[in-house]
Amino acid sequence: MAGRGRARGSGAVGLAVLLLVLLVGCGGRPATDTARAEVQRVLDRRAAAVLAHDRAAYAATGDPAAYTRMRAVPLAAWSYRVTAVRSGGSAAAVAADAELSYRIEGHDRAPVTVARTLRLTRDGAGRWAVASEKPARKAGQQLWDQGTVTVVRGTHSLVLGVGQSGSLLRSFAGLADRAVPAVSQAWGTDWARQVVVLVPKSLDGMAALLGSPASSYRGIAAVTTGETGGGPDAPADRVIVNPDAYAMLGPVGQQVVLTHETTHVATRSDTNAATPLWLSEGYADWVGYRGTGRTPDEAAPELQKAVREGRAPVELPSDQDFGFAGDAARLARAYEGGWTACRMIAERWGEEKLDAFYRAVGEHGKRPGAVEEAMESVLGTALEDFTAEWQRYLQEELG
């Protein structure tokens, strides 16, 4: 500010000196390295405050609002790793890119790592503080980005919600607590037998968590996120609910959906690139409907309509048929087709053979030949013969 009245021409010299100061830090290190180290120290203190449940220490590192939003989340770990520091538009501000890693206590055996962008400002004493934190570009939100998180614990579940009543969140815990033993009865007990459910305020909130447009999930009641082929040391899957679509379902439908999604959690370590969607989605639906007494005409109305109109499928559903953004009737037929195929295996070969077939497909590791080899080794049939048998089954059950 004091340089405004200086003679014309001194500005060029002043600019050169300023650039030199910005480019060279103490001891000759680039200023960006110095700023990066300072930002890392601030974020380390911030992370320690989160784990210590120390609101005052958190507030000393900057905006305390995020602490209030996330303080109910049971965290076993929380840390940042700064990956880049850029100008924040003034000498007293920087923008930082960082990886946030965290674990939910009792559920995540490995950290969830997400990309974040932070803005930090420096006060007159030279102290940096966080002014804002948000998801990096193209990264999904975390639930606490959307508001204050409420936590409900079930016997086999942890439900985290934003903008929802405690009674609604408890109802989801009840659904999940019934889903876990139902899945274990069908699949076995060699899995975590716990489920984490996220309930945002709306469809838009669900889409923001997934980093996708809301139009992709309209009418989809829930999805499960996780690492395909994830072993025992992977982060826990998250069942993410679309509360708008869920509210449209009756009690049986709500339970079927939660049991379906919980099945994905249980089968994750045996699901990989070799597993076609007709099998993974069909098996999850088979477990979801198992024991409900729902008949094929009740559970597969779109496929029944196609069969009765002479449009019965000539092959098992492709992965492309399961696209959320496509035709709703086509999507329904894909799910119903996968379910009827798995139901047929359970009825004609037995439930143990269905489980063994699923695992055998996953053991192949790659898509080419996986289904064919598993059908031959476990079911004693060829894909062509199985498809013909399935077509006859559709006529018997839906024609």
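**Group meeting: a cavity, a core and a helix**

Okay, let's start with the largest cavity, which is lined by Val50, His53, Tyr67, Met70, Arg71, Val73 and Leu75. Keep in mind that this is a predicted model. How much space lies in that largest cavity? About 50 Å³. And if you count cavities of 30 Å³ or more, you get one. As for the lining, five of its residues are nonpolar, one is polar and one is charged.

Now, two of those lining residues, Val50 and Met70, also turn up among the contacts of Trp78. Leaving out neighbours within four places in sequence, Trp78 also touches Ala47, Leu51, Leu100, Ser101, Tyr102 and Trp144. Trp78 belongs to the largest nonpolar core, which has 108 residues. Together with Trp278 and Phe357, Trp78 is listed as having the most contacts inside that core. In soluble globular proteins, nonpolar side chains tend to be buried together.

Last stop, helix H14, residues 370–379. Which residues of H14 are buried? Those are Ala370, Val371, Ala374, Met375, Val378 and Leu379. Looking down the axis of H14, the buried residues sit within an arc of 125 degrees, so they line one face of the helix. On the face turned away from the buried side, you'll find Glu376 and Ser377, both exposed.

And what covers the buried residues of H14? The cover includes helices H9 (277–289), H12 (328–348), H13 (351–364) and H15 (383–398).

Terms used
Residues numbered from 1 in each chain as written. Predicted model: local features only at pLDDT ≥ 70, side-chain atom pairs only at ≥ 80, totals over all residues. Heavy atoms only, no water. Buried < 20%, exposed > 50% of the residue type's maximum accessible area, 1.4 Å probe, protein only. Helix = DSSP H or I, 4+ residues; strand = E, 2+ residues; numbered from the N terminus. Arc of directions from axis to C-beta. Contact = heavy atoms within 4.5 Å. 1 Å grid on protein atoms, 1.4 Å probe; cavity = no way out; pocket = protein on both sides within 12 Å on 5 of 7 lines; lining within 4 Å. Points joined across faces, edges and corners; volume = space filled by probe spheres on them. Nonpolar A, V, L, I, M, F, W, Y, C, P; charged D, E, K, R; others polar. Core = buried A, V, L, I, M, F, W, Y, C linked by side-chain atoms within 4.5 Å.
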